[in-house]
Amino acid sequence: MAYKRQVDRLPIVPADAKEFNVTCHYCIVGCGYKAYTWPMNKQGGTAPEQNKFGVDLSEQQFQDSAAWYAPSMYNIVKQDGKDVHLVVKPDENCVVNSGLGSIRGARMAENRPSRVTGTQLQRLSDPQVWRNGTWQPTSWDDALDLVARVTAQVVTEGSEDDLVVSMFDHGGSAGGYENTWGTGKLYFDSMKVKNCRIHNRPAYNSEVHSTRDMGVGELNNSYSDYEITDTIFMIGANSMETQTNLYLNHMVPGLQNGAKFIMVDPRRTVTVHSSEQWAGKENVLHLAINEGTDMALFIAILTHIVDQGWTDDDFIAASAFQDGEAVAQDSAHPASLGSLDHAMQDCRTSLEQAAEICGVPVADIRQAAEWIAKPHDDGSRRKCATAYEKGIIWGNDNYRTIGALVNIALATGNVGREGGGVCRLGGHQEGYYRPNESHVGRPAEYVDQFLIRGLGGVHHIWACDHHKTTLNAAEFKRAHKRRADMVKDAIDAAAGGTREQVVDAIVSAVNAGGLFVVDMDIIHTQIGQNAHVILPACESNEMNLTSMNGERRLRLSERYMDPYGNSRPDCLIAAGIAQHMERVLRDMGQDAYADQFQGYDWETEEDAFMDGFHQGNPEVTYERLRAAGNNGVQEPVTGYENGQLVGSERLYADGSFDRHGREDGKALFCAAGWRGWQAPGKAREKAAHKYWINNVRANIFWQNQFLDQKNEFVQDRFPYPFIEMNPDDMVEESLNPGDLIEIINDNGVTQGMAYPTATAKRGQVAMVFGSPAGSQGNVINPGVNELVLPNYKHCWGDIRKISNATHETAGITFKSKEVTL
Amino acid sequence: MKCNRLVDAGRRQFLRGGLGATAGAAASVVMGTSEAKAQAALARVDYPANRLANVADLAVNEAMDVAYPDADSPGVLLKLGQAVEGGVGPDGDIVAFSILCPHKGWYLSYNGEDRTFNCPGHHSRFDAEAGGQQVWGHATNNLPQFVLRVDDAGDIYAEGVDELIYGRLSNTL
């Protein structure tokens, strides 16, 4: 039976409630919300003057009302030490979402920790240290002292290369400019750590090297461009689910204004189906290509555009490199870069060749090329907004594939212009501000393999749960646990010893191949099971936090409640580690090294912001961002005039491209030659197994479900990770809806629940990514590209039934996700 | 031992409360007879029992428009043809739901083919056979279901709602 909250009324926000700007801390879109708080012993009334909305709440409110909030938008939280009512609801005045809430963001209030209502009590409240066979709560000083002593001893006896760091680089959640700066200053300024990786991939690298090398930063348009374009060209993305209000509030108006919609995705998603409802089937082209063949499609489309003379020659002459090869292919560049003519030598591919490789009709590829580039009858150019995400970022041959796509946008002059853009759609918000990281190198170290090989002695983990989200996860988990257990055993054996004796025992275990693990997070994670020290962090709105969204819209999401228990902003945790490192190193007689850990006398997250982001963007302060509200300002910020920050609606409006750092400002084309499966082991695995295991997202879950795993509304809907299967495949495997199944291959095993999906192709299943109840990473091989970008998307396996539907899965709905109007 | 500590805590609490009470008492003396008296109120809304239809009025899989708990809260009454959890009537198959989408309050339409409620606004959909569970969509609640009772004469009464109805902060206005 469906989960019901049994709420029959909610406290009314009084007219004098406090009001805060909130940017949703989940996806890249960053919808605007308003938070309202007021004392427990007060409440608003139904009369207009008694409530925040100024309307008569004794009457039914109608469609799209700003004066209603769902039970998920209400909670009781601590503010300045006192319990207060909290409502967090979508902001109708925010240009990003115009009052729309997503199934993720509209649960922000409910997903706050509350000792009163009992929500999210999984949140970490105190530092914990592994002692006496378990994690014992302790003080910050005690925990940080242990972290600093072990870290300092290991890096001084060996080198900073023995410190491995996994750290988020994103905005929103517990990321943002404050926290990326705090961690970045610690590891890239005070230290020069190179064995580090980012939250969702096994190295410290860009996900989109090629577009940057071509001069085109990956977030270059404005969401409004989708409203006025002629064609939306989407690849490997599912925006109705994962950038919901970008799709609903900007792309749908574009479709309603007559835009064509092209989707490249082997799977028919709800985005395809919904686009057909809004635009009409005749205006939607779904290119359901064979998995991993996107590049062949792109280079054929480019070839057709070139051969038909649909290129924007004026744009190319003014803005693109003209003289053959500019950058040679080498170990840091998986393809050469240069002029369009240079690129075409490798890109030239006929429609027929692409149709053969991609498994879609020639006519459809030709149609796509026409919708992208064939001029209007009056001779004017078509506008095309290109949007891509994990389907190719985590797909086959990342560098060349993204390069091949950006080629199309450059060749048709669709960058830096209204209705154009060639952008990744994004996952989290962005919020990266760190010291120079060039010492990391390119290609960067494959950190997961580094750890698996027994290298490194200390592992600092900042809000990353590799156990749920890395590739080759089964092997990684085994190695990480074995090494961490060596240190746990050493700590247990040293019970009763002095701090010095315990540190010596830990370092001895590290020298014998063990791994000392420090985990900074908001909850106890799966990788946190291996931790020896756990440090509790807080999230945005428990601290002030700045981030930018997918159109570079910078906002300050304000603190409206206290951090849970003794948790702290990550930037202040990093400062604490630095301060303890300085003290410990001085005690060790390492004064010069200790001096490197000065400069962390921050008392608040604003201090970290001023020390970092503000230094590079002197116009931007908390006060000015607060005044800019939920509409903020689009980066880069170029000034402050008439009491307002001045931003940039889109990048490259002047036709000059600089993301590659070239002084000539010329964009480069990518010589993206098709070479089949790029990553090792993929072709062999495909040949050996029956099913392609696609790795997909769902709107209801935020990333690896770190909060949603304790949200009853969410877990009631999908108690196990769904695995969408064609009903005929289910019959063949003797499966009923909700049956628990295993996916097996040489890399490992994972599990989930069969979800019949009529639109799924035979032999292709779609498993939701990052689930705590079944990590798809277990069955993904370690294959990466030359720059250590993982190919998560291509994985093949066999399917075996574990059991009939359980009590949890038997009661849920298994109907189609596609709306029927 | 634990008990004693609790007693101690209670005593401290009492003392703290006592100080407050003293101040309150002083205030009440000043206020005299004008002291406000709190109104007694119930913890839950008081739902009316409204007759929606008779079992004989329903045809299988044909949605009947109803309203509950008042005329401004539209819903539908459905006989599904097979027993479902929460279903009432002789066949255990009669259910009723609000048809305002809990996302943004758009009117849902009923699709008899797969027995779902569908939103034209943003494409959310809810399963009539699974307690109004959201199959896919943007709402953060499942669809409010009306609590039904059938009497000996076959009259169907709505007597409650299991979720907050869109557009009202109290299910009864």
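Strands β19(A) and β20(A) (residues 553-557) of chain A pair up in the antiparallel sense, held over four bridges. This is a predicted model, so keep that in mind as you look around.

- Across the pairing, Met548(A) stands opposite Leu554(A), which belongs to β20(A).
- Four residues sit between the two strands of the hairpin, and Arg552(A) has a positive phi near 65°.

**A five-stranded sheet in chain A**

- Now look for an open sheet of five strands with parallel pairing, in the order β11-β10-β9-β14-β15.
- Its edge strands are β11 (284-287) and β15 (422-424), each of which pairs on one side only.
- Going from one strand to the next, the twist averages 15°.
- Inside the sheet, β9 (residues 231-235) and β10 (residues 260-264) run parallel and are joined by five bridges.
- One pair to find there is Phe233(A) and its bridge partner in β10(A), Ile262(A).
- Helix α7 (residues 270-279) packs on this sheet and touches β9, β10 and β11 of chain A. The direction of α7 makes about 160° with that of β11(A).

**Two helices that cross**

- Two packed helices are described by the angle between their axes and the distance between the axes.
- For α11 (residues 351-358) and α12 (residues 362-373) of chain A, the axes come within 9 Å and cross at roughly 115°.
- That crossing of α11(A) past α12(A) is right-handed.
- On the α11(A) side, the contact uses Leu351(A), Glu352(A), Ala354(A) and Ala355(A); these meet Val362(A), Ile365(A) and Arg366(A) of α12(A).
- Sorted by type, the contact residues are five nonpolar, no polar and two charged.

- How far apart are the end C-alpha atoms of α18(A), the helix of residues 499-511? They are 18 Å apart, which agrees with the 18 Å that its 13 residues should span at 1.5 Å a residue.
- The buried residues of α18(A) are Arg499(A), Val502(A), Val503(A), Ala505(A), Ile506(A), Val507(A), Ala509(A) and Val510(A).
- Those buried residues pack against β5 (128-131), α1 (140-157), α17 (473-493) and β17 (516-521) of chain A.
- Just after α18(A) comes Gly513(A), with a positive phi of about 110°.
- In α10(A) (residues 340-347), the buried residues are Leu340(A), His342(A), Ala343(A), Met344(A) and Cys347(A).
- The buried residues of α10(A) pack against several elements of chain A, among them α8 (294-308), α9 (313-319) and α14 (398-411).

- Trp462(A) lies in strand β16 (residues 458-462). Why does Trp462(A) count as buried? Because its relative accessible area is 0%, and buried means under 20%.
- Beyond its sequence neighbours within four places, Trp462(A) is in contact with residues including Val165(A), Phe168(A), Tyr187(A), Met520(A) and Ile577(A).
- Trp462(A) and Ser166(A) are 296 residues apart along the chain, but their C-alpha atoms are separated by 6.0 Å.
- Leu451(A), found in helix α15 (residues 447-452), counts as buried because its relative accessibility is 3%.
- Leaving out neighbours within four places in sequence, Leu451(A) is in contact with Val164(A), His459(A), Phe476(A), His480(A), Arg483(A) and Leu515(A).
- The C-alpha atoms of Leu451(A) and Ala479(A) are separated by 7.6 Å, with the two residues 28 apart along the chain.

**Over to chain B**

- Of its 173 residues, 50% are buried.
- Among contacts in chain B with a separation of 6 or more, 40% are between residues 24 or more positions apart.
- His138(B) lies in the loop between β8 (133-136) and β9 (146-150) of chain B, and is buried with a relative accessible area of 1%.
- The contacts of His138(B) beyond four places in sequence include Gly101(A), Met240(A) and Asn699(A) in chain A, plus His103(B), His122(B) and Ser124(B) in chain B.

Conventions: Residues numbered from 1 in each chain as written. Chains lettered and ligands numbered in written order. Predicted model: local features only at pLDDT ≥ 70, side-chain atom pairs only at ≥ 80, totals over all residues. Heavy atoms only, no water. Pairing = 2+ DSSP bridges. Axes fitted to C-alpha atoms, helices over the stretch in contact; angles between N-to-C directions. Left-handed = near helix turned anticlockwise from the far one by under 90°. Contact = heavy atoms within 4.5 Å. Nonpolar A, V, L, I, M, F, W, Y, C, P; charged D, E, K, R; others polar. Buried < 20%, exposed > 50% of the residue type's maximum accessible area, 1.4 Å probe, protein only. Expected span 1.5 Å × (residues − 1).
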